[in-house]
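Here is a short report on one protein model. It covers aromatic pairs, charges over rings, a helix pair and some backbone details.

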Amino acid sequence: MRWIIFDFAGVIGRHQPQSARDGMVAVAGVESGRFWAAYWDHRDPYDRGLMTAGDFWSAVAKTLEADFPAETTEELIRLDITSWLTPDLATVELIARLKSRGLGLALLSNAPHELADALEDLPWMADLEHRFFSSRMATSKPSPEIYTAVLASLGAAAGDCVFVDDRPPNVTAAEAVGMRALVFTDAGRLDEDLARLLRER
């Protein structure tokens, strides 16, 4: 095992806290269920860099049959980005320990340009020197192309890599291209699973 490749949301960073979700719904001024259905309906092309933040929120507004003024759109963009920036400190600490052992560490995240740019500036992401974002690659997990592109960029064989993600379809897709892969539940369990794989080398 030469490389460990981490997902971001739900692994290194926590999923959007309820307070942030509620704040976005309040700014949009629509019913919560409808808001999140529209949000996720349009998220994949945004994650793949096929639309700007403004385009994304325009598409969400159209689905909701709403009219977001420019100030509302700007606030939704800001709230959306910041909603993803809460670290899972136990995972961050685990990554630091893995780096100290000389393992190669990388990030592979479905993230639009705005979120990718924000993640680049976070000090607690510094140990992940190799970072791959869907918006910069014009493809997203679980498409096999994104995994093979990461392997090519790292110069790594699939069998030398472990991929960690909290979403089983993304883990299954990594396994399909030959990586070992783990479904993330918490940092303690991940530490145990990685230790087991290291013993099996």
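F8 counts as buried, at 1% relative accessibility. Buried means under 20% relative accessible area, exposed means over 50%, and partly exposed lies in between (1.4 Å probe, protein chains only). The model is predicted: local features need pLDDT of at least 70, side-chain atom pairs count only at pLDDT 80 or more, and totals for chains, interfaces and linings use all residues. Residues are numbered from 1 along each chain as its sequence is written, and side-chain values use heavy atoms, with hydrogens and water left out.

F8 is stacked with W124, because the ring centres are 6.2 Å apart and the planes stand at 20°. Rings of Phe, Tyr and Trp (its six-membered ring) pair if their centres lie within 6.5 Å; planes under 30 degrees apart count as stacked, over 60 as edge-to-face and the rest as tilted. F8 is in the loop between β1 (3-6) and α1, and W124 is in the loop between α7 (113-120) and β3 (130-133), so the pair ties together parts 116 residues apart in sequence. Helices (H or I, at least four residues) and strands (E, at least two) are DSSP runs, numbered from the N terminus.

## The aromatic cluster

The count comes to twelve aromatic pairs. Ring pairs link F35, W36, Y39, W40, Y46, F56, W57 and W84 into a cluster. Within it, W40 and W84 are edge-to-face, 6.4 Å centre to centre with 80° between the planes. W40 belongs to helix α2 (residues 32-41) and W84 to the loop between α5 and α6 (89-100), so this pair joins parts 44 residues apart in sequence. W40 is partly exposed at 39% relative accessible area. W84 is buried at 7%.

## Charges over rings

Where does the charged end of R21 sit? R21 places its charged end over the ring of W36, 4.1 Å from the ring centre. R43 lies over the face of F56, at 5.7 Å from the ring centre. A charge sits over a ring if NZ of Lys or CZ of Arg is within 6 Å of the ring centre and within 35 degrees of the ring normal.

## Helices α1 and α5

Helix α1 (residues 18-28) packs with helix α5 (residues 70-83) at about 170°, and their axes are 10 Å apart. Axes are lines fitted to C-alpha atoms, for helices over the stretch in contact, and angles run from 0 to 180 degrees between N-to-C directions. That angle makes α1 roughly antiparallel to α5; the term applies over 145 degrees.

On α1, the contact uses A20, G23, M24, V27 and A28. On α5, T72, E75, L76, L79, D80 and S83 take part. Contact means heavy atoms within 4.5 Å. These residues divide into six nonpolar, three polar and two charged. Ala, Val, Leu, Ile, Met, Phe, Trp, Tyr, Cys and Pro count as nonpolar, Asp, Glu, Lys and Arg as charged, and the others, Gly among them, as polar.

The peptide bond from K141 to P142 is cis, with omega near 10°. P142 lies in the loop between α8 (134-137) and α9 (144-154). A138 is in the loop between α8 and α9. Its phi is positive, near 55°, in a residue other than glycine. E65 also has a positive phi near 55°. E65 is in the loop between α4 (53-64) and α5 and is exposed at 75% relative accessible area.

S109 is in strand β2 (residues 104-109). S109 is buried at 2%. Leaving aside residues up to four places away in sequence, S109 touches D7, F8, F132, F133, S134 and K141.

Key
Parallel < 35°, antiparallel > 145°, perpendicular 65-115°, else oblique.
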